[in-house]
Amino acid sequence: MCAEARERVARAAATVPLDALIDQASRVPAPASLSEALQRPGVGVIAEVKRASPSRGPLADIPDAPALAAAYVHGGAVAVSVLTEPAHFRGSIDDLRAVTAAVNAPVLRKDFVVDRYQIWEAREAGAAAVLLIVAALEQDDLAELVADADGAGLSALLEVHSEVEVTRAVGAYEAAGVTGRPLLGVNARDLTTLQVDPDRFAVLRPVLPEGAVLVAESGVRDAGDVERLGALGVDAVLVGESVATAGNPRGAVEALVAAGERAAVRS
C-alpha cells in the first residue's frame with residue numbers, strides 16, 4: 001500500500017509539481033486545529049468517512065461524503081476523518097476536499113502518507129491534520145514528515161501499536177522540533193495480522209508520555225468502549241465502521257459523545 005501511495009504521488013506530481021501545489025495550498029485559509037479540538041473536556045469523537053477496508057472489504061456506499069460528515073458534526077463529533085486511499089478503502093482526495101468545504105470542524109486526512117507531497121495535498125484540500133503510520137515509515141522519514149506537516153500548518157497524528165513505536169513517535173516529534181503536545185493514536189489493529197486487540201490501549205498506557213494527546217483507534221464500536229477507554233485517560237476515539245454503517249449516523253455519534261461526557265464526569 002505504501003508502494004502504491006508512492007506511485008500515486010509520482011503521477012500527481014507529474015501533473016501538478018510540488019512547488020505549484022504549495023503555492024495553491026498557501027491560498028487556502030488556515031484550517032482549525034485538530035490538536036486544540038482534541039484537548040477539550042471529555043472524550044472527543046473523531047468520526048470517519050469510510051467506505052471499505054482491507055480486512056472487511058466493502059462497508060458502506062456513502063454516495064454523499066459531505067452529508068455524512070455533516071451528520072457526524074451535528075451529532076457532536078469534534079473532528080472528521082476522511083480516508084483518501086482509493087484502492088483498498090475506496091476514498092479520494094475529492095472526498096477530503098468536499099468534506100472540508102461542508103463542515104466547520106477539523107478534518108483529518110487518513111491515508112498511507114509517505115511523501116511530503118501528500119501533506120501539501122491535504123493542506124490544499126483544507127485538511128487540518130494528517131495521519132502518519134509509524135510502522136510504515138523509516139525514522140528519518142517519519143521525523144521529516146512531522147516537520148513538514150508542522151511547516152504546512154497541520155497537526156500530525158502518529159499511529160502506534162507497540163512500545164517500540166511509541167518511542168519512535170516521541171523521538172520523531174523531538175527530532176522535528178515541533179512545539180506543543182504530541183498527538184499519538186494507538187491502533188488496536190495489528191497491521192501485520194489485521195486482528196484487533198481491544199486491550200491494546202490499556203497495554204500501552206503505562207509507556208504513553210504524559211502530556212501527549214491520546215487517541216484510541218480501531219475496534220471502538222459502542223458507548224461501553226468509549227467509557228472503558230475514557231477511564232484509561234484517552235482524549236479521543238477515532239470511530240469508523242460503526243458510524244459509517246449506522247442507519248442513523250448522527251444518532252450513533254450522539255451516543256458515543258454522551259458516553260465520552262459520562263467518562264469525563266467519572267474521571
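**Around strand β5**

Two bridges join β5 to strand β6 (residues 129-133), and the two strands run parallel. Strands pair if DSSP finds at least two bridges between them. Helices (H or I, at least four residues) and strands (E, at least two) are DSSP runs, numbered from the N terminus. This is a predicted model, where local features need pLDDT of at least 70, side-chain atom pairs count only at pLDDT 80 or more, and totals for chains, interfaces and linings use all residues. Residues are numbered from 1 along each chain as its sequence is written, and side-chain values use heavy atoms, with hydrogens and water left out.

Start with the link from β5 to β6. R109 has V130 of β6 as its bridge partner. From β5 the chain passes through helix α7 (residues 116-124) to reach β6, in a right-handed β-α-β crossover. Right-handed here means that, with the strands pointing away from the viewer, the path from the first strand over the helix to the second runs clockwise.

Now turn to β4. Strand β4 (residues 79-83) pairs with β5 in the parallel sense, over four bridges. L83 has K110 of β5 as its bridge partner.

Strand β5 spans residues 107-110 and is covered on both faces. V107 and R109 lie on one side, L108 and K110 on the other, and all are buried (under 20% relative accessible area, 1.4 Å probe, protein chains only).

The axes of α7 and helix α8 (residues 139-151) are 10 Å apart, at an angle of about 25°. That makes α7 roughly parallel to α8 (angles under 35 degrees). R116, I119 and W120 of α7 make the contact with L145, D148, A149 and G151 of α8 (heavy atoms within 4.5 Å).

Definitions and conventions
Buried < 20%, exposed > 50% of the residue type's maximum accessible area, 1.4 Å probe, protein only. Axes fitted to C-alpha atoms, helices over the stretch in contact; angles between N-to-C directions. Parallel < 35°, antiparallel > 145°, perpendicular 65-115°, else oblique.
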